[in-house]
Amino acid sequence: MSEQLTFAPSSAALLEPYLPSLHNGSSPSPSRPFVTLTFATSLDSSLSLAPGVRTRLSGPDSKAMTHYLRSRHSAILVGISTLLADDPGLNCRISSATSQPRPIIIDPHLRWKPSGSDKVLQLCRKGQGLAPYVLTGVSISDIPQESSAVLYDHGGKFIHADSSAPGPNGRSRFDWNDILNALERESLSSVMVEGGAQIINSLLEPKYHDLVDSVIVTIAPTWLGQGGVVVSPGRVHDENGVPLPAARLSNVQWHPFGEDVVLCGTLRS
Ligand SMILES: NC(=O)C1=CN([C@@H]2O[C@H](COP(=O)(O)OP(=O)(O)OC[C@H]3O[C@@H](n4cnc5c(N)ncnc54)[C@H](O)[C@@H]3O)[C@@H](O)[C@H]2O)C=CC1
Ligand SMILES: Nc1nc(O)c(N)c(N[C@@H]2O[C@H](COP(=O)(O)O)[C@@H](O)[C@H]2O)n1
């Protein structure tokens, strides 16, 4: 039996202004899903000790908060490096949860070879979570049959999306509008974007700020030190080349959860 978490209604009420509507789960924009950017960070803005190293930052109370968020979104999105590094469950372990979020894996070059031993698929077989939808730039006809079979048998699938949008260092990637359009086509009305750093840094680019409905960050009272996987979006400059803050939150609230503090805000002006 996996761990079961509880989250007090009084704590849930604090988060309500930052969550998709309880009534219909919808976004303020009817044509795309509600987007919550959420992650746990150290005091030096690290998500983990090093690439590929699963690192616990959240204490029990903020962890329960994260699982409450999972209960309130129809999808939970992570990058492929997070999936390969953490072998995460990506399910909701709140005892009172009535639904599970759909895991979305951003895997433009198809690095994941699904196997029955992946935790996310084990949980699916136990009826404790859903199988992932994998967004990839690879043509569906080029995906190895073994990979498709494992994923489809669990109720997941590969979804092709254009991965030729220009990214940093001349690398191509998905445009976030295309990612959200793909989720909308799957009738997923809300998504919590959990990470890792490349995913978060790309979503924090100014051109995507209007796509993000809320930001909920757990800050743990620890410094992970140099070499961590860092959230720090690309630099923004004014017309004279003077650096500007990359992003700033409005409508800010801070809530202590155990030893951690949870910062809630919005990116749009
Ligand atoms: N503390 C926390 O809340 C969290 C921690 N993590 C940690 O973060 C680390 C992984 O982070 P990263 O190495 O930054 O990897 P990542 O999980 O952001 O995945 C990076 C990969 O995702 C793909 N990708 C990202 N953005 C894309 C875009 N816009 N279009 C197309 N493809 C895109 C690319 O293939 C890229 O190589 C792990 O150590 C994990 O433990 C991950 C999630 C949450
Ligand atoms: N909220 C939060 N706190 C931490 O301390 C974390 N390390 C993470 N990581 C994210 O959660 C995923 C693990 O999920 P499961 O517990 O296995 O379901 C991990 O892959 C990161 O996305 N999050």
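The model we are looking at is a predicted one. S45 is not a glycine, yet its phi is positive, at about 65 degrees. There are 15 C-beta neighbours inside 10 Å of S45, so this residue counts as partly exposed.

There is a second residue of this kind, N251. Here too we have a non-glycine with a positive phi, about 50 degrees in this case. N251 is not in a loop but in strand β14, which covers residues 250-257. With 13 other C-beta atoms within 10 Å, N251 is partly exposed.

While we are on the backbone, one peptide bond needs a mention. G195 and G196 are joined by a cis peptide bond, with omega about 0 degrees. G196 lies in the loop that runs between β9 and α7. Keep that pair in mind for the next part.

On to the ligands. Which residues come nearest to ligand 1? They are G79, S81, R173, G195 and G196, out of 29 residues around that ligand. So much for the individual residues; the elements that give two or more residues to this shell are β1 (34-41), β2 (46-48), β3 (75-79), α3 (80-86), β9 (190-195) and α7 (197-203). The largest share is that of α3, with five residues. Sorted by class, the shell around ligand 1 holds 15 nonpolar residues, 10 polar ones and four charged ones. To tie this to the backbone point, the two glycines of the cis bond are both among the residues that come nearest to ligand 1.

Ligand 2 has 16 residues around it, and those that come nearest are A40, L57, S58, P88 and G89. Both α3 and β9 supply at least two residues to the shell around ligand 2. The classes here are five nonpolar, eight polar and three charged. Note that α3 and β9 are also on the list of contributors for ligand 1.

Next, the record. UniProt, in an unreviewed entry, places the feature "domain: Bacterial bifunctional deaminase-reductase C-terminal" at residues 33-263. Over that range the chain is 23% helix and 27% strand. The end C-alpha atoms of the range are 22 Å apart.

Now the strands. β1 pairs with β10, residues 214-219, in the parallel sense over six bridges. In that pairing, T36 stands opposite S214 of β10. β10 also pairs with β15, residues 260-266, this time in the antiparallel sense and over five bridges. There, T218 stands opposite V262 in β15.

The core. The largest nonpolar core has 63 residues, and the ones with the most contacts inside it are L77, I104, I105, V191 and V193. The largest share of this core, five residues, comes from β1. What does V191 touch, not counting residues up to four places away in sequence? The list is P33, V35, H73, A75, L77, I104 and L183.

Is I200 buried or exposed? It is buried, because 24 other C-beta atoms lie within 10 Å, and the cut-off for buried is 20 or more. Leaving aside neighbours within four places in sequence, I200 is in contact with L37, F39, G195 and V231. I200 and V231 are 31 residues apart along the chain, and their C-alpha atoms are separated by 6.9 Å.

Why does D107 count as buried? Because 22 other C-beta atoms lie within 10 Å, again judged by the cut-off of 20 or more. Apart from neighbours within four places in sequence, D107 is in contact with I80, W112, V134, L135 and T136. For D107 and L183, 76 residues apart along the chain, the C-alpha separation is 15 Å. L183, for its part, is one of the residues that V191 touches.

Notes: Residues are numbered from 1 along each chain as its sequence is written. Chains are lettered from A and ligands numbered from 1 in the order in which they are written. This is a predicted model: local features need pLDDT of at least 70, side-chain atom pairs count only at pLDDT 80 or more; totals for chains, interfaces and linings use all residues. A residue is near a molecule or strand if its C-beta atom, placed from the backbone, lies within 6 Å of it. Helices (H or I, at least four residues) and strands (E, at least two) are DSSP runs, numbered from the N terminus. Ala, Val, Leu, Ile, Met, Phe, Trp, Tyr, Cys and Pro count as nonpolar, Asp, Glu, Lys and Arg as charged, and the others, Gly among them, as polar. UniProt positions are given in the numbering used here, feature names are shortened, and annotations may be inferred rather than shown by experiment. A nonpolar core is a set of buried Ala, Val, Leu, Ile, Met, Phe, Trp, Tyr and Cys residues joined through C-beta atoms within 7 Å. A residue is buried if 20 or more other C-beta atoms lie within 10 Å of its own, exposed if 12 or fewer, and partly exposed in between; C-beta atoms are placed from the backbone. Two residues are in contact if their C-beta atoms, placed from the backbone, lie within 7 Å. Two strands pair if DSSP finds at least two bridges between them.
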